[in-house]
Every structure is written in C-alpha cells, then in structure tokens.
Amino acid sequence: MEKELSLVKPVLSKEKVLVLAGDLKSRYRTKMQYVRKYEAMAVITELSFLTPQDIRLTEVRISLASEMQDQKRAATSKDKANGIWIEGVILGDRSTLDTILAEYVMKLENSPIIQTVSILKSNIVTFKKKEVLQFTVSAKIG
C-alpha cells in the first residue's frame with residue numbers, strides 16, 4: 001500500500017510550499033495596490049449608477065485610509081477607516097420625498113461596495129418656491 005501511496009501523492013517539500021506562499025503574498029500585495037489606487041473611482045462610479053434622476057448630490061466626500069494609516073488605526077483603535085459622506089437634495093412631489101430617500105438608502109445598502117448606510121439628516125427646505133428634501137447620508141466602504 002505504501003508503494004501505491006508513494007506513486008499517488010504529490011511530491012511537496014517545505015521549500016516548495018514556502019515558494020508558493022511567497023508567490024501568493026506577492027500577488028495579493030499587487031492586487032491590493034490596484035484596489036487602493038482605484039477604490040475612490042469605483043465608489044464614484046457606483047454612486048453615479050445608483051443615484052436616480054430626482055436626486056441631486058451636492059457634496060460627496062470619500063475618506064480612504066492608506067496602508068500605513070490602516071496599520072496605525074488597527075494598533076490604536078477600532079476607528080472606521082474608509083467612509084463616504086453624501087449630501088444632496090431630492091426633487092419631486094412632497095408626498096414622495098421620504099419614499100425616494102428610503103429607496104435610495106436601500107439601493108446603497110445593496111451595493112457590493114457600500115455598507116452600513118445611515119441617514120444623518122433629512123429636512124424639508126424650500127428651493128425656488130418648491131419644497132425639496134435635503135439629506136445627509138454616511139456609509140462605510142468595504
């Protein structure tokens with residue numbers, strides 16, 4: 001049986017496993033560099049895709065942490081590193097403004113890029129003799 005087993009099992013040495021592990025780490029680092037480089041662009045693209053026509057974004061702030069900042073934050077606290085701050089107004093009939101905001105938040109929550117969406121502010125204001133809903137939303141990127 002041991003002869004048969006020696007014919008079947010692959011010949012792996014500790015050195016080969018270490019070389020393969022090093023190669024995987026190198027590829028992982030390269031991919032993470034691309035993620036960090038294009039993460040903000042991906043978030044903006046996702047927001048433009050998810051935002052309906054009756055919502056106008058007035059300000060979008062994206063906070064991304066570099067690798068060094070991530071390591072410092074991990075060592076000091078459990079602070080959120082990556083986040084989005086979205087301010088905007090919703091145009092339309094007064095009776096549907098809250099519904100449109102709720103639908104928008106649900107779309108953001110269902111996004112693979114945006115997580116933990118919360119409404120920070122939601123006020124009815126008058127703009128050009130019409131009532132609009134002014135809102136502020138925060139979310140995490142991940």
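View 1. N82 sits in the loop that runs between α3 (67-76) and β2, where helices (H or I, at least four residues) and strands (E, at least two) are DSSP runs numbered from the N terminus. This is a predicted model, in which local features need pLDDT of at least 70 and side-chain atom pairs count only at pLDDT 80 or more, while totals for chains, interfaces and linings use all residues. Residues are numbered from 1 along each chain as its sequence is written, and side-chain values use heavy atoms, with hydrogens and water left out. Is N82 buried or exposed? With a relative accessibility of 17%, N82 counts as buried, a word that means under 20% relative accessible area, whereas exposed means over 50% and partly exposed covers what lies in between (1.4 Å probe, protein chains only). When residues up to four places away in sequence are not counted, N82 touches E39, S63, L64, A65, A139, K140 and I141, contact being defined as heavy atoms within 4.5 Å.

**View 2. The protein as a whole, as a setting for the close-ups.** The protein contains four helices and four strands, and reading along the sequence gives the pattern α-α-β-α-β-α-β-β. Of its 142 residues, 23% count as buried. Among contacts between residues at least 6 apart in sequence, 64% join residues that are at least 24 apart. The protein exposes about 10800 Å², and carbon and sulfur atoms supply 58% of this area, which was computed by the Shrake-Rupley method with a 1.4 Å probe, with only the protein chains shown counting as cover for residues.

**View 3. Strand β2 and the strands that pair with it.** Strand β1 (residues 55-63) pairs with β2 in the antiparallel sense over eight bridges, and β2 and β4 also pair in the antiparallel sense over eight bridges; two strands are said to pair if DSSP finds at least two bridges between them. In β2, I90 is the bridge partner of I55, and W85 stands opposite S138 in β4. Why is β2 described as largely enclosed by the rest of the structure? Six of the eight residues of this strand are buried, and therefore the description applies.

**View 4. The largest nonpolar core.** A nonpolar core is a set of buried Ala, Val, Leu, Ile, Met, Phe, Trp, Tyr and Cys residues joined through side-chain atoms within 4.5 Å. The largest one here has 20 residues, and those with the most contacts inside it are L47, I86, I90, L108 and F135. At least two residues of this core come from each of α2 (14-50), β2 (83-90), α4, β3 (114-127) and β4, and α4 gives the most, with six residues. In soluble globular proteins, nonpolar side chains tend to be buried together.

**View 5. The aromatic pair of Y104 and F135.** The structure holds one aromatic pair. This pair is formed by Y104 and F135 and is edge-to-face, with 6.2 Å from centre to centre and 65 degrees between the planes. Rings of Phe, Tyr and Trp (its six-membered ring) pair if their centres lie within 6.5 Å, and planes under 30 degrees apart count as stacked, over 60 as edge-to-face and the rest as tilted. The pair links distant parts of the chain, since Y104 is in helix α4 (residues 97-109) and F135 is in strand β4 (residues 130-141), 31 residues apart. Both Y104 and F135 are buried. Apart from residues up to four places away in sequence, F135 touches a set of residues that includes I55, L57, I86, L101 and Y104.

**View 6. S111 in the loop between α4 and β3.** S111 belongs to the loop between α4 and β3, and at 7% relative accessibility S111 counts as buried. The side chain of S111 makes a polar contact with the side chain of E46 at 2.8 Å. A polar contact is a pair of N or O atoms within 3.5 Å; within protein, one must be able to donate a hydrogen and the other to accept it, and residues adjacent in sequence count only if both atoms are side-chain atoms. A polar atom of the S111 side chain also lies 3.4 Å from the backbone nitrogen of I114.

View 7. T116, in strand β3, has a positive phi of about 50 degrees although it is not a glycine. K129, in the loop between β3 and β4, has a positive phi near 60 degrees and is likewise a residue other than glycine. T116 is exposed, with a relative accessible area of 55%, and K129 counts as exposed at 83% relative accessibility.
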